[in-house]
Amino acid sequence: MFADTPFDAALFAGTPEQVSQWAGTQANKLLDEVVVPVCAPSLLHGQTSLSPEAIATLPLLQQSTRPDAWRQWFEAQGVAAPQALSGSRFELFSMTAAAAAHGMGLALVPKLMIDAELARGELVVACDRALSNARAYYLVRPEREDNPPATQIFLDWVRGMVRASVQ
């Protein structure tokens, strides 16, 4: 992975199986991915949250790289949702979140990606039931003795930032 690049490290989001495919690297897990359903506050119609059954009746915004995410979320909630695979599709989480903020429907996105929108009140968590999955965020670097000291300093700094953000 690093043989043909000038990079000393990379941030990666994926599963342990994906990370294990990269021979000659060491992956340092930073945090688990937490995926939550979000929407514009106006879609709550004055409520503080929605039930999974209520969410199943609303427009669902789809992430094209995770086409089964809504189906998996509804299955985890034990809710039948015939429309779980339908809805507008977006390539990037940022696009999906922007569509949700504009009231186009509900988005199922990693909470880490929308902290700013949540803080500004542009988005709200529609239901506090997160989707558990095997995805996590990692700092990946070459497995070698001569890693630059700066990569360890960077890893320590990132870990400190993660600890501070989850407290």
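**Exercise 1. The chain as a whole**

Which pattern does the chain follow when it is read along the sequence?

*Solution.* The model is predicted, so local features need pLDDT of at least 70 and side-chain atom pairs count only at pLDDT 80 or more, while totals for chains, interfaces and linings use all residues. Residues are numbered from 1 along each chain as its sequence is written, and side-chain values use heavy atoms, with hydrogens and water left out.

Step 1. Helices (H or I, at least four residues) and strands (E, at least two) are DSSP runs, numbered from the N terminus. The chain has six helices and eight strands.

Step 2. Along the sequence, these elements give the pattern β-α-β-β-α-β-α-β-α-β-α-β-β-α.

Step 3. The C-alpha trace spans about 55 × 30 × 25 Å along its principal axes.

Step 4. A contact means heavy atoms within 4.5 Å. Of the contacts between residues at least 6 apart in sequence, 76% join residues at least 24 apart.

**Exercise 2. Aromatic residues**

How many aromatic pairs does the structure hold?

*Solution.* Step 1. Rings of Phe, Tyr and Trp (its six-membered ring) pair if their centres lie within 6.5 Å; planes under 30 degrees apart count as stacked, over 60 as edge-to-face and the rest as tilted.

Step 1. There are five aromatic pairs in the structure. One of them is formed by Trp73 and Phe74, with 5.1 Å centre to centre and 80° between the planes, and is edge-to-face.

Step 2. Trp73 and Phe74 are both buried. Together with Trp70, these two residues form one aromatic cluster.

**Exercise 3. Salt bridges**

Which parts of the chain does the pair of Glu33 and Arg135 tie together?

*Solution.* Step 1. A salt bridge is a side-chain nitrogen of Lys or Arg within 4 Å of a carboxyl oxygen of Asp or Glu. The structure holds seven of them.

Step 1. In the salt bridge between Glu33 and Arg135, the closest N and O atoms are 3.6 Å apart. Glu33 lies in the loop between strand S2 (25-32) and S3, and Arg135 in the loop between S7 and S8, so the pair ties together parts that are 102 residues apart in sequence.

Step 2. Glu33 counts as buried because its relative accessibility is 5%. Glu33, Arg66 and Arg135 are linked in a network of salt bridges.

Step 3. Asp32 forms a salt bridge with Lys29, and here the closest N and O atoms are 2.6 Å apart. Asp32 is partly exposed, at 45% relative accessible area, and Lys29 is partly exposed as well, at 46%.

**Exercise 4. A backbone angle**

Is His45 buried or exposed?

*Solution.* Step 1. His45 sits in the loop between strand S3 (35-39) and helix H2 (52-55).

Step 1. His45 is exposed because its relative accessible area is 65%.

Step 2. Most residues other than glycine have a negative phi. His45 is not a glycine, yet its phi is positive, at about 50°.

Terms used:
Buried means under 20% relative accessible area, exposed over 50%, partly exposed in between (1.4 Å probe, protein chains only).
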